[in-house]
Amino acid sequence: MPPDPRPLPELVSFLETFPEPHILCDRDYRILAANAAYRRSWPEARSVIGRTCYDVSHHYSVPCDRAGESCPLARSLQSGQRERVLHLHHTPRGEEYVDIELSPVRDAAGEIAWFIEKMEPLHVARGVSDRRGLIGRSPAFQRMLELIARVAPSDASVLLQGESGTGKELLASAVHEASRRAEGPFVVVDCSGLPETLFESEVFGHERGAFTGATARKPGLVEAASGGTLFLDEVGDIPLAMQVKLLRLLETGTYRRVGSTELRRADIRLVSATHRPLKRMIAEGGFRQDLYFRINTFPITVPPLREREGDLPLLIDSLLERVAPKRKLSLSPAALRVLSNYAFPGNVRELRNVLERASLMCDGELIGLEHLPEEVLHPESESAESRFASGGPLAAAIPVRDPLDLEEVQRQAMLRAVRAHRGSRRELARRLGISERTLYRRLKSLGLLEGQAMRGGDEEGGGAAR
């Protein structure tokens, strides 16, 4: 006998006691009820009753697991237990990441008949371009974000490991903002910028007269972070002598200011970050193993930009809004293709620098190939001149997918070479390692003999490149 699909009135009433948005679904994914918190966050909540959860939240025509996502309802039917996932939902405010906790409810016969779904928006991240917070939709980004959603509400120590420029400080701030300590301070300690002689004083504070120059008592950064989060950036750079003192702080929750015998209690949540291989450093004696275990309670790997497939256009839109907030800048298709094929060893930080430079080079609203730096256009490069000298195509270092863009790439590279030259056409041909006649043909085929790109120039070399 199939379970009764009608929810008990007491169950619907029970939803109203929760401060977070909750809905009640049946086994067929249909929404049967929504509580007041959900109705406040979704003004048209009454219109969702009777619709499927995957239609309302994702605009899918099939359940999530058949659309390539993890479906908590399907998982709960299989496990018989509560399930938790992070999903990207359509909301009245746009696409938002939502932390979902789904609990099965059994009928009198002991069969799973309904599901209570709790939804908490993760406000520190978005799936669309935004001027603040974390942005991304790629699987690697979502896996990282799910870990942040799980650990943020606790006080567990978090270790963020990833390449330089991946945004580890932004992630640490996201952990803080999604935690119970969000109203407290978020204090950053740049471990790589503190010499050993100042590290203890800066972190733990000092008393007046503790050392030469200590003319007044000074609270440390641990004290400044009380009630909030202490972020140790580049924790791998902490001197060994200071690692012992940090370990004591984490093990006992206490510390002393330099020059003081008074034991002080710390009320902090620790988040650390590094791009260095700490396990290798432990083997080489450069990092304490006991400290590693203390800070590595909950490790999170921060993916490099090259592994975040599909996130680049979102990041570009967001970063352009930040570097040029008063302009409506966008990238040409050719420029976007070049950036999509560039490895970005400096990750998001390098992407921001590239876009900021391009915005300064661009006088209009469309950033093209001519506005991108040489190292992006030719990541394995010699210069544009040496590529012509070798007789190879200028676009060889740019693996563009559309062959129609090859002419434009060649034109822009040659244009830069011409503009940088101040001598005659003959001298330019000599620099490029080609004959003057070949140079003339290439300039003509690329349309660079018109206007200001190249003036004068004859077989006697009397003209000048402009």
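Me: From which domains does the lining of the largest pocket draw at least three residues?

Reply: A pocket, on a 1 Å grid over the protein atoms alone, is an open set of points with protein on both sides within 12 Å along at least five of seven lines, and lining residues have an atom within 4 Å of a point. Here domain 2 (145-299) and domain 3 (303-371) each give at least three residues to the lining of the largest pocket; domain bounds come from an automatic or database domain assignment. This is a predicted model, in which local features need pLDDT of at least 70 and side-chain atom pairs count only at pLDDT 80 or more, while totals for chains, interfaces and linings use all residues. Residues are numbered from 1 along each chain as its sequence is written, and side-chain values use heavy atoms, with hydrogens and water left out.

Me: How much space lies in the largest pocket, and which residues lie nearest its centre?

Reply: A volume is the space filled by probe spheres set on the grid points, which are joined across faces, edges and corners. For the largest pocket that is about 570 Å³. Its lining has 29 residues, and Gly165, Thr166, Gly167, Leu170 and Val348 lie nearest the centre. Elements giving two or more residues to this lining include helix 5, helix 6 (168-177) and helix 14 (347-361). Helices (H or I, at least four residues) and strands (E, at least two) are DSSP runs, numbered from the N terminus.

Me: Which residues of helix 5 are buried?

Reply: Buried means under 20% relative accessible area, with a 1.4 Å probe and protein chains only. In helix 5 these are Ala140, Phe141, Met144, Leu145, Ile148, Ala149 and Val151.

Me: How do strand 3 and strand 4 run?

Reply: Two strands pair if DSSP finds at least two bridges between them. Strand 3 (residues 83-91) and strand 4 (residues 94-106) run antiparallel, joined by nine bridges. The two strands form a hairpin with two residues between them, and threonine 91 stands opposite glycine 94.

Terms used. Buried < 20%, exposed > 50% of the residue type's maximum accessible area, 1.4 Å probe, protein only. 1 Å grid on protein atoms, 1.4 Å probe; cavity = no way out; pocket = protein on both sides within 12 Å on 5 of 7 lines; lining within 4 Å.
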